[in-house]
Structures are given as structure tokens and as C-alpha cells.
Amino acid sequence: MASQFSHKHALSASKYISFKNPEKPNLVYAFFYSHGFSESQISKIIRSKPRLLLSNPLKCLLPKLQFFYSKGASKPEVAKIVATCPTIMKKSLENQIIPYFNFLDGFFESEQMAMACVKRFPRALVDYPHCVESNIKALQEFGVPKSNIVTLLSLEPMTLMATQNHFRKVLEEVKEMGFDPSKKAFTTAVQGMRGMSKSTWEGKIDSFKSWGWSEEDIRLLFLKLPWTMMRSKDKIMATMDFFVNKMGMKPSIIAHRPMLVSLSLEKRIIPRYSVVHVLLSKGLIKEDFSLRAVFESREIVFLHKFVNAYKEEAPQLLNLYQEMVNNASARSHIGSIDLDSGR
């Protein structure tokens with residue numbers, strides 16, 4: 001029977017707890033199973049919190065599931081919430097889960113949005129709840145519009161899960177860099193700085209400097225496109241290497257077009273340059289092509305100007321481009337790509 005506590009589960013749980021008979025573990029296992037939890041979800045929960053097997057399902061577990069159901073979450077959604085963050089089942093419903101959910105509800109002014117936040121990031125109910133509340137107040141003190149805080153809390157709640165002193169220090173550093181708290185770029189920069197160690201930040205700064213960028217160039221890049229600094233150092237170096245060593249561009253040109261560094265090397269830069277390379281080899285476009293038109297334009301615009309416009313002269317372009325985009329995730333590095341293959 002699927003709802004029985006198996007010998008395998010018993011052996012695993014026995015490493016952490018002991019029980020005289022399997023009656024209570026069977027009840028807990030059957031309880032989760034009856035609420036739509038899969039075998040793998042139940043196993044994950046028990047491995048994480050084996051002492052749940054000693055719980056009274058109806059008294060300790062059911063009220064928490066019913067609370068989430070009452071807020072509009074379906075059984076599969078609640079199962080995913082608990083499997084993602086089993087700690088929820090160990091927290092007090094009255095003293096933590098309900099009060100913090102009510103805080104989210106009050107801030108969002110929408111029970112549906114509060115529940116969406118929990119479904120997206122269940123740890124929002126169990127990790128640093130008081131810090132989140134104080135950090136939201138700090139953002140408000142700095143002049144961040146509520147709409148931007150709502151977006152941050154909805155999409156990236158982990159950003160707010162930091163100690164008050166650390167979070168306020170990040171806010172001050174971001175503001176000192178020149179970011180306007182009333183703009184969305186401010187919260188994007190906070191998100192990046194909050195999740196980055198000082199050594200990681202300095203490593204990324206050094207990677208740009210190694211290509212001749214000045215500190216002012218880097219500061220302006222971060223101000224204009226803060227999410228660029230969230231890219232790994234390896235990706236930054238690979239992108240710069242492609243532009244400078246593969247395309248022969250001067251680093252100073254890239255510094256004046258910082259959007260180029262923010263683009264995906266595998267999914268955009270290489271596939272689009274492959275098309276341009278074919279057009280250049282056939283003499284269909286000039287060497288001084290527009291970088292903005294090639295790399296920064298929308299997909300439909302790029303296809304119109306550089307692929308569909310040359311259907312007769314280079315009919316293989318569309319297949320070349322689509323194949324490279326579709327296979328981008330399988331590409332391990334730049335050197336594995338033969339830019340001459342489209343001739």
C-alpha cells in the first residue's frame with residue numbers, strides 16, 4: 001500500500017529518531033499521502049524533518065495545511081510549499097505563520113498576492129520574518145516607492161532576508177553610488193549588492209579593469225544596467241573576450257555601449273554575430289555595421305534586417321541562426337563554435 005511507512009523510510013528516519021512501533025509514522029505518512037503529497041515529496045520532508053514522524057497529524061499538521069487551503073492554495077501547491085520548505089511544519093501556526101502571513105497580506109493589500117509570494121518562496125514565512133519587516137521599513141525610509149518594494153518582495157524576497165545592519169549598509173552603499181531610490185534600478189542594485197560578497201564584487205571590478213575600463217566606466221555601467229554586475233566573473237570575461245578577440249572591437253567602444261556586456265553570449269551575441277559573419281563574407285553588408293542594430297534590437301527587428309532581407313542571397317541564414325539559438329544551452333564554450341560554418 002502506497003500510504004504505508006516503508007522499511008526504507010524507517011531505516012532512514014531511524015538514524016535520527018527512534019520509535020517503538022510504526023503506527024505513528026504510518027499515520028503521518030498516510031496523512032501526507034491523503035493530501036496529495038507524492039512519494040518523493042514525503043521522502044524529502046521526512047529526510048529534512050524526521051521528527052515530524054512523531055507528530056499528531058490531526059492536531060499538529062492538519063491546521064497548517066488547512067490554513068494554506070483557506071488562503072486559496074490548492075493541494076498540489078501546498079504539497080510543493082511544504083516539500084520546498086519542510087521547516088514550515090515545525091513552526092507555530094498562531095505565533096509565526098499566521099502573523100507573518102497577515103503582515104504580507106497587509107503590505108500587499110491582497111491576500112492573493114501574499115499567497116503568491118509564499119508559493120514562490122515558502123521560506124518567507126520562516127526565515128528572518130522580523131528582519132523582512134524592518135528592512136521594508138528601511139526601504140521606505142530611503143524613499144523607495146511601495147510599488148518597487150512590492151515587486152522586490154514578490155519576485156526576490158530573499159533580498160530582504162538579511163540582518164537589519166547589513167541591509168541598511170547595502171542601502172547606503174547603493175545610494176552613495178548615485179542610484180535614485182525612487183527608480184527601479186535602485187532595488188535592482190540592492191538585490192545585486194545584497195547577494196554578493198566584497199571579494200566577489202572586487203573580482204568583477206578587476207575583470208573589467210583588466211580590459212582597460214576605468215572605475216568611472218564601471219560605475220556608469222552599474223548605474224545604467226545594475227543587473228550586469230550580477231553576472232559571474234567568468235561570463236563577463238568570456239563576453240569581453242569575444243568582443244575584443246573574436247570581433248576585434250576596442251574595449252573603449254564596449255565601455256560606451258555597456259548594454260553589450262549584459263547580453264547573453266550563447267543565446268544572442270554568438271548566434272547574431274554568426275549571421276553577420278556570413279553576410280560580411282558574402283559582401284552583403286559593410287564592416288561598419290551598427291552594433292545596436294545587430295545586438296540590441298528586438299528579435300523581430302533583427303530577423304527582418306539581417307535574415308529575412310537576404311533570403312535570396314543567403315537562404316541558409318534562418319536555419320543557421322535558429323539552430324544556434326536552440327542549441328545555445330548545450331554549448332560549453334566559445335571555442336567550440338565554427339563561425340565559418342554558415343558560408
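Residues are numbered from 1 along each chain as its sequence is written, and side-chain values rest on heavy atoms, with hydrogens and water left out. As the model is predicted, local features need pLDDT of at least 70 and side-chain atom pairs count only at pLDDT 80 or more, while totals for chains, interfaces and linings use all residues.

The average pLDDT (the predictor's confidence in each residue, from 0 to 100) is 87 for the protein, and 89% of the residues score at least 70. Helices here are DSSP runs of H or I with at least four residues, and strands are runs of E with at least two, numbered from the N terminus. Over residues 332-343 the pLDDT is below 50, and this stretch has 21 contacts in the model beyond near neighbours in sequence, a contact being heavy atoms within 4.5 Å. Where pLDDT is low, the predicted coordinates should not be read in detail.

The aromatic residues come next. Rings of Phe, Tyr and Trp (its six-membered ring) pair if their centres lie within 6.5 Å; planes under 30 degrees apart count as stacked, over 60 as edge-to-face and the rest as tilted. By this rule there are 14 aromatic pairs. One of them joins F107 and F108 edge-to-face, with 6.1 Å centre to centre and 65° between the planes. Both F107 and F108 are buried, that is, under 20% relative accessible area, where exposed is over 50% and partly exposed lies in between (1.4 Å probe, protein chains only). K146 sits over the face of F107, 5.1 Å from the ring centre; such a placement requires NZ of Lys or CZ of Arg within 6 Å of the ring centre and within 35 degrees of the ring normal.

F242 and F243 also form an edge-to-face pair, at 6.4 Å centre to centre and 75° between the planes.

Two loop residues complete the picture. E109 lies between α6 (93-108) and α7 (111-120) and has a positive phi of about 60° although it is not a glycine. E109 counts as exposed because its relative accessibility is 64%. S214 belongs to the loop between α12 (198-209) and α13 (215-224); at 32% relative accessibility, S214 is partly exposed. S214 and S252 are 38 residues apart in sequence, with 9.6 Å from C-alpha to C-alpha.
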